[in-house]
Amino acid sequence: MIDDIKISNAILRRGLKELQEATDSEVVIVGAGPSGLSASYYLAKDNINVTIFERALKPGGGMPGGGIGLPVIVVQKEGLEILGEFGISHQSSEEKGYYTADSLESTAKLVAKAIDKGVRIINLMTVEDVMVRDDQVCGVVINRTPIKMAELLIDPLSIRARFVVDATGHDTEVVKTLLKRKNLKLNTPSGGIEGEGPMWAEEGEKNILSDTREVFPNLYVAGMAATAVFGSPRMGPIFGGMLLSGKKVAKLIKERL
Ligand code: 48H
């Protein structure tokens, strides 16, 4: 016999337990796009307690859409090792030196491998603010996405984290929310967000690794958020840099844990 109330309790017990465990994470990653997923995997691989908060219903960010909605991404030679790590198959393109992968396979495998390593991905959860103590980021403030969309005046919950990664893509949402607080400056030339430059894949991909770093004590940027914060050019649907940026931010954080 199947009992309706037991189904409800099974969901509540596990879902609430997972959320409760997330309140004390070593690393919180905001955004389950390719850079956030890659970062989470490389951290969790070393047994670090990682939570990703993802605003959308489904993880993947801009990856599933490939280029203009065709389910294909391009990866350059430097990104092939990461594709191998995730078991993502690739083809050598007729354009020499460029490799293609299925964007849906890539997304699915990033998500699956991250979860296999123990990453907690909590979807439909928007990070709406950061916590700062003694001039250091020490956590994030979360709310349910449908509550935010309905613009209901409902208070959020606080999540403690030793390190936070802004992997929210072009919008750099965590960094923007930090800058709304008075007298806070980033570790960038202007002290604020430099703003993404026009499309130039070579330069964008070249800069992404040096742009991936700590921008405020205990707050790191990865992926397009790093590009936007440091004012590098956008690079379109070439994804090697996103995956490498995730790996790099994981390395930087591991050195401090
Ligand atoms: C919780 C949030 C919040 C929030 C946003 O955009 P993404 O895919 O980000 P990246 O940097 O991993 O990858 C960028 C890539 O997809 C891309 O757009 C490229 C390469 N563009 C180049 C170009 O020239 O255009 O994922 C960010 C994720 C999304 O899933 C958002 O829903 C999520 O972050 N998010 N989650 N709280 N406040 N804001």
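## The ligand shell

Strand β7 gives the most to the shell around the ligand, with three residues. Helices (H or I, at least four residues) and strands (E, at least two) are DSSP runs, numbered from the N terminus. This is a predicted model, in which local features need pLDDT of at least 70 and side-chain atom pairs count only at pLDDT 80 or more, while totals for chains, interfaces and linings use all residues. Residues are numbered from 1 along each chain as its sequence is written, and side-chain values use heavy atoms, with hydrogens and water left out.

There are 25 residues around the ligand, and Ser 35, Glu 54, Gly 62, Arg 234 and Gly 236 come nearest. A residue is near a molecule if one of its heavy atoms lies within 4 Å of it. By type, the shell holds ten nonpolar, eleven polar and four charged residues. Here Ala, Val, Leu, Ile, Met, Phe, Trp, Tyr, Cys and Pro count as nonpolar, Asp, Glu, Lys and Arg as charged, and the others, Gly among them, as polar.

## Polar contacts and cover

Two or more residues of the shell come from each of the elements α2 (34–44) and β7 (125–133).

## Two loop residues with positive phi

Asn 47 is in the loop between α2 and β2. Its phi is near 60 degrees, a positive value in a residue other than glycine. Asn 47 counts as exposed, at 71% relative accessibility.

Thr 172, in the loop between β9 (157–166) and α6 (173–179), also is not a glycine and has a positive phi of about 40 degrees. Thr 172 counts as buried because its relative accessibility is 1%. Buried means under 20% relative accessible area, exposed over 50%, and partly exposed in between (1.4 Å probe, protein chains only).

## Val 50

Val 50 is found in strand β2 (residues 50–53) and is buried, with a relative accessible area of 1%. Its C-alpha atom is separated by 9.5 Å from that of Ala 39, eleven residues apart along the chain.
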